[in-house]
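Thank you all for coming.

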Amino acid sequence: MIRSRTTFLAIAVAVATAICLWGVSAWHANRVATSFDQESAKHFNDDVVHVRAEVKEIERQLDVRAEHLAARIDARQHSLMGLFHILQSSEPNRGARIVTPNGAPIAWWGEDLRALGIKTYQFDTTNLYIIRAHTLKSGDIVQAFARIDNTPGGNAPPRHIDEWVAGSVFHGGFLRQEPGAVRFVVEKRPDATLWIDITPHTKIDVVDRIRKNGRNTVAVLLAIAAIAAAIAVRRTGFSPSGRAEARPTLLAVLFVIAARSALLAVTVIDDPLRIFRFDVYGSKLLGPFSKSPFDLLLTGIALFAIVMLAGEWLTRLRLMLRIAVMLVASYGFVLLAENLVNNSRISSIPDHLVPTSTAQAVLLVAVMLFGFALLRLAKHEATFKASLVLPIALALARSPLRLVRSGTSRDAVTPPS
Amino acid sequence: MKRWTRIALLMTVALTPLTAFAQFKDLDVAMGNLTRGFGSGDAQAIVSGMASDDHVQLQFPGLVPDSGMFGRDQAAYYLDGLFNKVKPVSFEPLNQRKVSSEGQYHITARWTIQVAGKPEARDLYVILRNKGDRWSVVSVRSASQ
């Protein structure tokens, strides 16, 4: 009883926290709406400071690498293959090369430097190269460089996108500034200057995102509280003989439904995995409970949990009634599968064992959970005599089925007249 | 009637899907629904002309980033999203052509919408296909601005 009281106290605290967070989120959204310009300027300045620090760290690493390579090369005479061997490295997006004073490459390793390599910051169509050089005793130059993705719309570090930033691009100062974009100097060197143009989200978008983030946090907290309540109720819901009691079971089921319903409020804006939107899968069969692959998965989990919670209680139902429930549930499962095929742009069954995308994995797990829930419904504990009812029902249903099947196969082999 | 029998009956009734006639009965109904759908932003009027087991091509460049083939329920979400983003003002058919050899009916219309408060007019290309004695929407594409 004490443990149960503590659990419910914790749940009450979680619910109260959720309500407080909702209020804080609403207040934050309101504050951002009233002082959007100052807030965005502060946010972009902080972002640029962060980008600057990352660029400096990359330059420091490249300096260390160039000096280390120069020390090794200058230590003794090397063959051409020896130079290639010295430059060898497995660091991703990094490379090194040795060039003559007029820029002709002698040896190289790693990323391909698609630029002349005469300045600290150089660009090709989709990349920024940060290059650090060290002159060798021979007069040749060793260059260590990093390739940074600079694709429009990309967000590979040190660039990023968040509720304030819609996109950003590095450039050398010659890029035409897009309307609304804000320009900052990241780093100034004697030979080159690195700039970044940040495209901000609109005020409406930012406020909307802050509200949605707040709502998502609240929804997740409420769902966790409801699940904890379901577990607590379930733990206490057994009779002295060990049988599950109906009322606590029903209460636990209601908490699971409440948890699932709370998660309907979750809205994910940036969805690179494509599991929160309808474009891969979206159905109206279960209303908002099946509007995306993620929603279908959560619904599958909730249904499975409900069937597991109520399973023992369901086995006590009369066999005929359970058969009726099973038949209705099976029919529902077939409808769900048919609807899934009609409203999905990918197959939920992988061609091989491993799903090829997260969306496919999510759909597969969701369908499997619905299937497992159906199987749990079919779990049968009865006397031999009572068990005979189902085979007899199936035997009676067999004749019409055979007729249908023979008719179908005849249609398939008969050539059209 | 026993309590369990009542529950079983209720469950059967609740879970039995309502068989609704999707697709348009004739071309007049189709034109009426499309005009209502694209003229006033009634997604359901358009979706009612889509077959549940077919995929529909949807393309609204500059308005919705996604395009391609969608199932009927996906199309309903797609059009809901579209009409949340743009406010339709009118839908005026400019040209209607029956392509009997392909069992299709091609409609070109002038679609006036409001995007972020600014009026915009686009050409809309709708293709209907004859399936049995009914017409279903197979493609809706908008010209880019």
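Let me start with a pair of strands in chain A, β7 and β8, the latter covering residues 193-200, which run antiparallel and are joined by 6 bridges. Please keep in mind throughout that what you see is a predicted model. Within this pairing, Val185(A) is the residue that stands opposite Trp195(A) of β8(A).

If we widen the view, these strands belong to an open sheet of 3 strands in chain A, ordered β6-β8-β7, with antiparallel pairing. The edges are taken by β6, residues 165-171, and by β7, residues 182-188, of chain A, each of which pairs on one side only. On average, and with direction ignored, neighbouring strands of this sheet are turned by 25° against each other.

What lies across β6, β7 and β8 of chain A? That is helix α2 of chain A, residues 36-75, which runs at about 25° to β7(A).

Now for the chain as a whole. Chain A holds 10 helices and 8 strands, and of its 417 residues, 28% are buried. If we take the contacts in chain A with a separation of 6 or more, 60% of them are between residues 24 or more positions apart. The chain is divided into domain 1, residues 35-201, and domain 2, residues 204-407, and the centres of these two domains of chain A, taken over C-alpha atoms, are separated by 50 Å.

Further along chain A there is a helix pair that I would like you to look at with some care. The axes of α7, residues 319-342, and α8, residues 358-378, of chain A come within 10 Å and cross at roughly 170°. Because a crossing angle over 145 degrees counts as roughly antiparallel, α7(A) is described as roughly antiparallel to α8(A). On the side of α7(A), the residues making the contact include Val325(A), Met326(A), Phe333(A) and Leu336(A), while among those supplied by α8(A) are Val367(A), Phe370(A) and Leu374(A).

I will finish with two backbone details, one from each chain. Most residues other than glycine have a negative phi. Asn93(A), however, is not a glycine and has a positive phi of about 60°; it is found in the loop between α3 (80-87) and β1 (94-99) of chain A. In chain B, Ala116(B) likewise has a positive phi, near 50°, and its place is in the loop between β4 (104-115) and β5 (118-131) of chain B.

How exposed are these two residues? Asn93(A) has 14 other C-beta atoms within 10 Å and is therefore partly exposed, whereas Ala116(B), with 10 other C-beta atoms within 10 Å, is exposed.

Technical notes: Residues numbered from 1 in each chain as written. Chains lettered and ligands numbered in written order. Predicted model: local features only at pLDDT ≥ 70, side-chain atom pairs only at ≥ 80, totals over all residues. Pairing = 2+ DSSP bridges. Helix = DSSP H or I, 4+ residues; strand = E, 2+ residues; numbered from the N terminus. Axes fitted to C-alpha atoms, helices over the stretch in contact; angles between N-to-C directions. Contact = placed C-beta atoms within 7 Å. Buried ≥ 20, exposed ≤ 12 C-beta atoms within 10 Å, placed from the backbone. Domains from an automatic or database assignment. Parallel < 35°, antiparallel > 145°, perpendicular 65-115°, else oblique.
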